[in-house]
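Please read them with the structure open.

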Amino acid sequence: MDNMFNYTNADGELKVLKIILHILLGFILLWAILGSFFVVSPQEEAIIVRLGSISRTVSSGLNFKMPFIDSVVKMDVSTKALPVDELAYSKDGQTVQFQLTANYSLKNDSVESVYREFKRAHENTLIIPSIKEAIKSVAAKYTAQGLIDNRSKLPIEMKDEFTKLVATRGFNVSAVSLTNLDFDDVYESAIRNKQVQEQQALAQVNITKQEDEKKKQEILKAEALAEKTRLEAVALQSAQGEKLIDKLYAEAALEAARKWNGQLPQQMIPGGTLPFINLTR
């Protein structure tokens, strides 16, 4: 009887172990099946690495990999805005602190080559050093005053320099925007003093122009007054002259009347005058 019970217990334990083993195998199989599928978003490209070597690159959507031997490395291909703060020197040796934002993206068809060269450390290894080099290269072309005068051109030139450094390495540069341009305190103080002097000089020029204009207006007024006075004098002389002529004519007529004896001429000469007083004046 004891042997029979021993065999029965042994068979029961064996069955339990088999059930547990089947359950474990089922979980492993389910995990392998589920782990063979993965999703890639539209902003990514995925690299399939098989036993340490790149197998292939897949795009967005549902994809399959071999369980246990394949691993997936996802690479971001969306546009990134990278803030950069860099100290550079102008052509005349002034220190300039640049603050800007560089927008770049990984080219879809360069994902594999970039991963081979940089793994996923391309931003620290390539992108940041390249944009800093572009900043220094452009800054060295201009004097400090030139940087101020050409501030709107600086982002364009920096973008061009940045593009030259990273385009052949698998990256696009969409934009570079300059957010701040800061000089050392001594130079900024000199700039402020210069601006104050220029404003004062401009104000003085304006004052001088106003005074000149005022003088011109006064001269014009004086000339107008002089012309008015002259015309009035001419008019007065003319009026007095006419009165004088009338007076002389009247006196002459009166004298002629006094001398007339009252007799008409005996003979009328054609075109001759009668000794009458002209009363039309």
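Predicted model: local features only at pLDDT ≥ 70, side-chain atom pairs only at ≥ 80, totals over all residues.

The points below go from the whole chain to its sheets and helices.

1. The protein has six helices and eight strands. Along the sequence they follow the pattern α-β-β-β-β-β-β-β-α-α-α-α-β-α.

2. Burial and surface. The protein has 281 residues, and 22% of them count as buried. Its accessible surface comes to about 20000 Å², with 58% belonging to carbon and sulfur atoms. Taking contacts between residues at least 6 apart in sequence, 64% join residues at least 24 apart.

3. The sheet with β2. Three strands make an open sheet, ordered β3-β2-β5, and the pairing is antiparallel. The edges are β3 (53–58) and β5 (70–76); each has a single partner strand, so one side of each lacks a neighbour in the sheet. Neighbouring strands are turned against each other by 30 degrees on average, direction ignored.

4. Pairing of β2. Strand β2 covers residues 44–50 and is joined to β5 by seven bridges. Its link to β3, also antiparallel, is made by five bridges. R50 has D70 as its bridge partner in β5.

5. Surroundings of β2. Is this strand enclosed or open? Five of the seven residues of β2 are buried, so the strand is largely enclosed by the rest of the structure. Helix α2 (residues 111–118) lies across β2, β3 and β5 and runs at about 60 degrees to β2.

6. The β2–β3 hairpin. Two residues lie between the strands of this hairpin. L51 takes a positive phi there, near 50 degrees.

7. The sheet with β7. Another open sheet of three strands has the order β6-β7-β8, with antiparallel pairing. Here β6 (80–89) and β8 (171–183) are the edge strands, and each pairs on one side only. From one strand to the next, the twist averages 25 degrees. Strand β7 (residues 95–106) is joined to β8 by 11 bridges. As a reference pair, A102 has V176 in β8 as its bridge partner.

8. Helices on the β7 sheet. Helix α3 packs on this sheet and touches β6, β7 and β8, its direction making about 45 degrees with that of β6. Helix α5 lies across β7 and β8 and runs at about 135 degrees to β8.

9. The α3–α5 pair. How do the axes of α3 and α5 cross? The axes of helix α3 (residues 122–139) and helix α5 (residues 154–166) come within 8 Å and cross at roughly 135 degrees. That angle makes α3 oblique to α5. The crossing is right-handed. On the α3 side the contact is made by L126, I127, S130, I131, E133, A134, I135, S137 and V138. On the α5 side it is made by L154, E157, M158, E161, F162, L165 and V166.

10. Where to look. Then move to β7, which is joined to β8 by 11 bridges, and to α5, which lies across β7 and β8.

Note on methods. Residues numbered from 1 in each chain as written. Heavy atoms only, no water. Pairing = 2+ DSSP bridges. Helix = DSSP H or I, 4+ residues; strand = E, 2+ residues; numbered from the N terminus. Axes fitted to C-alpha atoms, helices over the stretch in contact; angles between N-to-C directions. Contact = heavy atoms within 4.5 Å. Buried < 20%, exposed > 50% of the residue type's maximum accessible area, 1.4 Å probe, protein only. Areas by Shrake-Rupley, 256 points an atom, 1.4 Å probe, with all protein chains shown as cover. Parallel < 35°, antiparallel > 145°, perpendicular 65-115°, else oblique. Left-handed = near helix turned anticlockwise from the far one by under 90°.
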